[in-house]
Structures are given as structure tokens and as C-alpha cells.
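Biologist: I would like to learn how to read the features of a model like this one. Please give the general idea each time, then the case at hand.

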Amino acid sequence: MHSHRRRNPIRRGAPALLSAAALITGGLAVAIPSAAFATTNTATPTASTASTVQTHRLCSEPSKPGYMACEAVVRTDLKTQRSLGRHDTPKGFGPADLQAAYNLPKDGGKGATVAIVDANDDPNAEKDLAAYRSQYGLPECSTGNGCFKKIDQDGGTNYPTPDSGWAGEISLDVDMVSAACPQCHILLVEAKSANMDDLGAAVNQAVKQGATYVSNSYGGGEDAGDTKADDQYFKHPGVAITVSSGDSGYGTEYPASSQYVTAVGGTSLKKDNSTRGWSESVWGTSAGGEGAGSGCSQYDAKPSWQKDTGCAKRAVADVAAVADPATGLAVYDTYQASGWNVYGGTSASAPFIAGVYALAGTPGTGDVPASYPYAHPDKLNDVTDGANGSCSDYLCKAGKGYDGPTGLGTPNGVAAFTK
């Protein structure tokens, strides 16, 4: 088995078995510029009162070669909302905000199944999903009505060991698919470990189950064995596979660097007075270390549809969506956690984009859906401001057209995600 160590080691201050709620008092200060941060259903977002926000990554750094880490980040400077009063709303962006920001239909995706691939078990996944959807008036999605299904990597119900870090990741994933595509069915496939072989087996199982949209919110460092893993786990023509680009700033991770997937970067999303009503910049800073991942793969070949000239191999990312925890998402999680939290990371943007693909319709049978946005760059919101690290070109700096941190841009409707 080949090693997947992170290229840029990241700080993970607690074992995975610690809950997000338990991390509130020990958060990590992240140098993020003061950003507009909205609570759902408010007309004008309230500004952050500090120049930094406190965050903690949900998953600990892998201690063994070949293992992945999830890409979810929790705000620890905001008090967890255990319950909501009669007139309260969760902190963070909700489905209506995201649908407005990205010009998405409120009704679409009927008959589509989005698969979520994660490691370990979230015993409360279905119950927490029900609470999220009820809060925002989304249709029921349960085992009972056939909308939700949870399986292990072999297709059965022998679920793996629970883990609070990955459970938080699962909550984020299913909530973001729900926000993007309220009518979509959700298939949760739980790998028995965070080893790439187990996660890859779960991807294959998701496709075997009939999912044509598969989200992966994890990553690790590249190595020479990645191209073999590509063919084993990610070469599924006609299936839109999305992967988080990373949360450690400039630097390339696998499987985002696979030529067969849509690598999803991250932005800071703010309400404003523009015609669109929203603005976006790169999630990250020129100092690097935190923010959306990007870069030039060391091993994966450049896909024929990717035309940037500063990277001879696969460039990351392809597209992006909100990921900055300072402008983060409302998520409901109760497995060793306490309810409503604000999450971010490219673990938010990857499942969201999987939902957008589902809204756009079934991919062509022999297609690599990652190629679709490259045929329709004018149908995306081009992100031209910000950086996620220090480099000399577009691979870490936003600009007009393609750039590493945000790819070709963020959704403006679904037209960029069809052939």
C-alpha cells in the first residue's frame, strides 16, 4: 500500500474521538480577515467582531501511512446552540442563503442519488439529518421514505466503529447535499477505516449501488502510487465524483489530484449590495498554512480538458464554493457533540458541488463530468481576489479566468455542470 502523507503538515490539536463541542475552549486562532458572517434569514449579515476566528479541525492528522484525514473545520469561538428558541435561527449560512448565492433552483434533483463516502460510523446520522431538514423546511429524507440509506463499504449494515470527528464530517456532508439539492436521495457509505483502500472500496460500492454523484471530503499527501489508485477507485465514466482540495492552503493533496474527479476549492462568501447580492474571494491568505488547497500534481497526468499552461500535470482545483469557517455553514451534529455548530472547510464545498451536479442532470455515460465546467466557464462566478499561499503565479493566487484556489469559479446556476 502506498503512503498518503500530507505534503504540508496541518495542526490537528485533538484525537478524532474528541467531539467538536469539547473543543470549544481550546480552539485554534486562524488568521482570517474580518468577514461578513450572516445568520440565516437575516437581510444584512453581522460583521465578525475580531480579525480572527477560532477554529479546530474535526479529524486528527493520520498517524499511519496510507490514511486520509477529513477536511472539516468547526468554529470554536461561537457557542454551540443546543436548542433553538421560538424565534431563533442557527448561526451560519443555511439552504436559502446558498441557493440564493449560487442561483440554484429550490426544486430539482428528483430521482438523483448523491453518495457520501466517509470513514467510520455516525450513529446519529439519520436523526441529525432529520433535525437539519426540519429546521429549514426541507422535505423528509429518511430510511422510511426511501430517501436516506446508510451502508458499510461492502454494501451491508455491519457499520464500522463510531468516531466523533468523522461523525461531524458526515453531518456536514449530508447537510450540504441537502442544502444544494433538497429533492436528492442520499446514500451514506461508511468505510471501516480512513485508509485509502477502504475509502476507495466505499467509492466503488457507491457506484455499484447506482449513485451517479459521489462526494469525498478527505485527503492526504500525494505519492507515486496515486495513478494506480486512480484506476482502482476513481475511474468511473459517467459518474460525477467530487473531492475536497484541502484545508492547509497552497499544496496539492490526493485524491483531489486524480484526473478523474472534480477537485473542489473554497471561498469566503459575503452578502453585499452588488447585482448578484453576494461576493466571493479565496479562502486563505498569502501567508499560507490555512485555506483551500491548490497546486500542480507531482504524479497525475493533465486531463485533456484542462488547458492552463503553468502546470504540466493535473492542476487543482476545478471549481469552488464557500468553505471559509469565518463565513461558514450551519450544521447539526449530536454524536459526542451538542447540536448546532458552524462548520467550514472544503469538506463543505465538495458535497455541495456534488449536489449541484445532481441538479444539473445525469452525466453522459462515457464522460468525465469534471470536464463539464471547462466547456462552460462563462456560466460560473469567476473569483478574482485573494490567495491561499505564496507562489509566483495563478496556482495560489486568484485572477481572471482559471486559478488554483477556486478553479474556474463557483456555481451560477447549474449550466456549467452539464455537457
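**Reading the model**

Modeller: Asp-97 is buried, and Lys-271 is buried too. Buried means under 20% relative accessible area, exposed over 50%, and partly exposed in between, with a 1.4 Å probe and protein chains only. This is a predicted model, in which local features need pLDDT of at least 70 and side-chain atom pairs count only at pLDDT 80 or more, while totals for chains, interfaces and linings use all residues. Residues are numbered from 1 along each chain as its sequence is written, and side-chain values use heavy atoms, with hydrogens and water left out.

Biologist: How do Asp-97 and Lys-271 meet?

Modeller: A salt bridge is a side-chain nitrogen of Lys or Arg within 4 Å of a carboxyl oxygen of Asp or Glu. The side chains of Asp-97 and Lys-271 form one, at 3.6 Å from N to O. Asp-97 belongs to helix 1 (residues 95-101) and Lys-271 to strand 15 (residues 262-271), so the pair ties together parts 174 residues apart in sequence. Helices (H or I, at least four residues) and strands (E, at least two) are DSSP runs, numbered from the N terminus.

Biologist: How many salt bridges does the rule count?

Modeller: The count comes to 10. Among them is the one between Asp-308 and Lys-302, whose closest N and O atoms are 2.8 Å apart. Asp-308 counts as buried because its relative accessibility is 14%; Lys-302, at 22%, counts as partly exposed. Asp-367 and Lys-419 also meet in a salt bridge, at 3.5 Å from N to O. This pair links distant parts of the chain, 52 residues apart: Asp-367 is in the loop between helix 6 (346-360) and helix 7 (372-375), and Lys-419 is in the segment after strand 23 (410-411). Asp-367 is buried at 14% relative accessibility, whereas Lys-419 is exposed, with a relative accessible area of 70%.

Biologist: Which residues of helix 5 are buried?

Modeller: In helix 5 (residues 226-234), they are Asp-226, Ala-229, Asp-230, Tyr-233 and Phe-234. They lie on the same side of the helix because they cover an arc of only 110 degrees around the axis, the arc being that of the directions from the helix axis to the C-beta atoms. These residues pack against several elements, including helix 4 (196-208), strand 12 (240-244) and strand 17 (291-301).

Biologist: How is the packing of two helices described?

Modeller: Two packed helices are described by the angle between their axes and the distance between the axes. For helix 4 and helix 5, the angle is about 35 degrees and the axes are 8 Å apart. Axes are lines fitted to C-alpha atoms, for helices over the stretch in contact, and angles run from 0 to 180 degrees between N-to-C directions. On helix 4, Met-196, Asp-197, Gly-200, Ala-201, Val-203 and Asn-204 meet Gln-232, Tyr-233 and Phe-234 of helix 5. Contact means heavy atoms within 4.5 Å.

Biologist: In what order do the three strands form an open sheet?

Modeller: Two strands pair if DSSP finds at least two bridges between them. Here the order is 13-17-18, with mixed pairing. Strand 13 (248-250) and strand 18 (313-316) are the edge strands, each pairing on one side only. Strands 13 and 17 run parallel and are joined by two bridges; Ser-248 stands opposite Gly-291 in strand 17.

Biologist: What do the helices and strands of the protein chain come to?

Modeller: The chain has seven helices and 23 strands. Of its 419 residues, 63% are buried.
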